[in-house]
Amino acid sequence: VTVYKKVTKDSISFVAHRGYHKSSLENTMDAFQNAMNKGYYGIETDVRITKDGQFVLSHDDSLSRVFGVEMKVSESSLEELKDITHDGITTLEEFLAFMEDKKEIPYIELKSMISSDYPDLEDNIERFMDILAQYHYSSSGENTLPCYIISFYQDYIDVVRAKDKNIQIDLISSSKTIDIDYLLENNYGL
C-alpha cells in the first residue's frame, strides 16, 4: 500500500452511519444529535415505507435488533410503530426538520420504498421527493440544501433521477457488471 497523504480528521469528511449510536439507538433523534455534537460532515440514515405509506428510518424491516420487538415496518402503520417503540422510531419529516434546522447534510439510503398497501414505486418516490423539497433538500427552488440519495436498488435511483435531474444520487454496488457509462451519462455517483 502506498500512502500519498496522511489522512486526518481535517483532510476527509466523515459521515455518521445511522447517526452516532455508541450511546443511543441507531437511526434515532438521539443518534443524530450525538453525530452533530461530534462534528460529523453528514449523517446517513435508512428510509422504509410503512403499511400506511409513511416514511420512517430503520435499517432493518424488523424492529427486533434495535427495539427488541417482533414487528415489521412494512406490515405496520406509523401509529403502531410509534406506540411499540415509545416514539423511538423516527419519521423522515422529523429527521429532515432536524437536519434543516442544524444545516447538516443528510445521506438518505432508500431501503424499501413499497409496501403491500403502497405498491407503486414511482408514486412513493414522488411523495418522498415532495417531502425532501418541503425541507429544501431538492435541486430546485430557493435556498436549497445539499442532500445525497443512495441505494443498492438501481430502479429506486433511476426514479429519483427522473424526478430530479440534479440531486446528488449514488448507487451502492459490489457488482462487476454495472454499466459505468450509463451511470456517468446520467450523473450518478457510485
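The structure is a predicted model, in which local features need pLDDT of at least 70, side-chain atom pairs count only at pLDDT 80 or more, and totals for chains, interfaces and linings use all residues. Residues are numbered from 1 along each chain as its sequence is written, and side-chain values use heavy atoms, with hydrogens and water left out.

Helices (H or I, at least four residues) and strands (E, at least two) are DSSP runs numbered from the N terminus. A residue is buried under 20% relative accessible area, exposed over 50% and partly exposed in between, using a 1.4 Å probe and protein chains only. Contact means heavy atoms within 4.5 Å.

**Helix α1**

- Helix α1 spans residues 29–38, and its buried residues are A31, F32 and A35.
- These residues lie on the same side of α1 because they cover an arc of only 100° around the axis, the arc being that of the directions from the helix axis to the C-beta atoms.
- D30 and N37, on the other side of α1, are exposed.
- The buried residues of α1 pack against the strands β1 (15–17), β2 (42–49), β3 (55–57) and β4 (90–91), and also against helix α4 (92–102).
- After α1 comes G39, with a positive phi near 85°.

**Helix α4**

- In α4, the buried residues are L92, F95, L96, F98, M99 and E100.
- They pack against α1, β2, β3, β4, β5 and α5.

**Nonpolar cores**

- In soluble globular proteins, nonpolar side chains tend to be buried together.
- A nonpolar core is a set of buried Ala, Val, Leu, Ile, Met, Phe, Trp, Tyr and Cys residues joined through side-chain atoms within 4.5 Å.
- The largest such core has 38 residues, of which I108, F128, L132 and I149 touch the most other members.
- The elements that give two or more residues to this core are α1, β2, β3, α4, β5 (105–112), α5 (121–134), α6 and β7 (168–171).
- Helix α5 provides the largest share of this core, with six residues.
- Leaving aside neighbours within four places in sequence, I108 has contacts that include T45, V47, L92, F95, F128, L132 and I149.
- A second, separate core has seven residues, among them V56, L78, L81 and I89.

**Aromatic pairs**

- Rings of Phe, Tyr and Trp (its six-membered ring) pair if their centres lie within 6.5 Å; planes under 30 degrees apart count as stacked, over 60 as edge-to-face and the rest as tilted.
- By this rule, the count comes to five aromatic pairs.
- Y20 and Y40 form a tilted pair, because their ring centres are 6.1 Å apart and their planes are at 40°.
- This pair links distant parts of the chain, 20 residues apart: Y20 is in the loop between β1 and α1, and Y40 is in the loop between α1 and β2.
- Y20 is buried at 18% relative accessibility, whereas Y40 is partly exposed at 24%.
- Y153 and Y156 also form a tilted pair, 4.9 Å centre to centre with 45° between the planes.
- Y153 is partly exposed at 40% relative accessibility, whereas Y156 is buried at 8%.

**K163 in helix α6**

- K163 is found in helix α6, which covers residues 154–163.
- K163 counts as partly exposed because its relative accessibility is 37%.
- Not counting residues up to four places away in sequence, K163 touches E122, E126 and M129.
- K163 and M129 are 34 residues apart along the chain, and their C-alpha atoms are separated by 7.8 Å.

- Most residues other than glycine have a negative phi.
- R18 has a positive phi near 65°; this residue is in the loop between β1 and α1 and is buried, with a relative accessible area of 13%.
- H136 has a positive phi near 70°; this residue is in the loop between α5 and β6 (148–151) and is partly exposed, with a relative accessible area of 30%.
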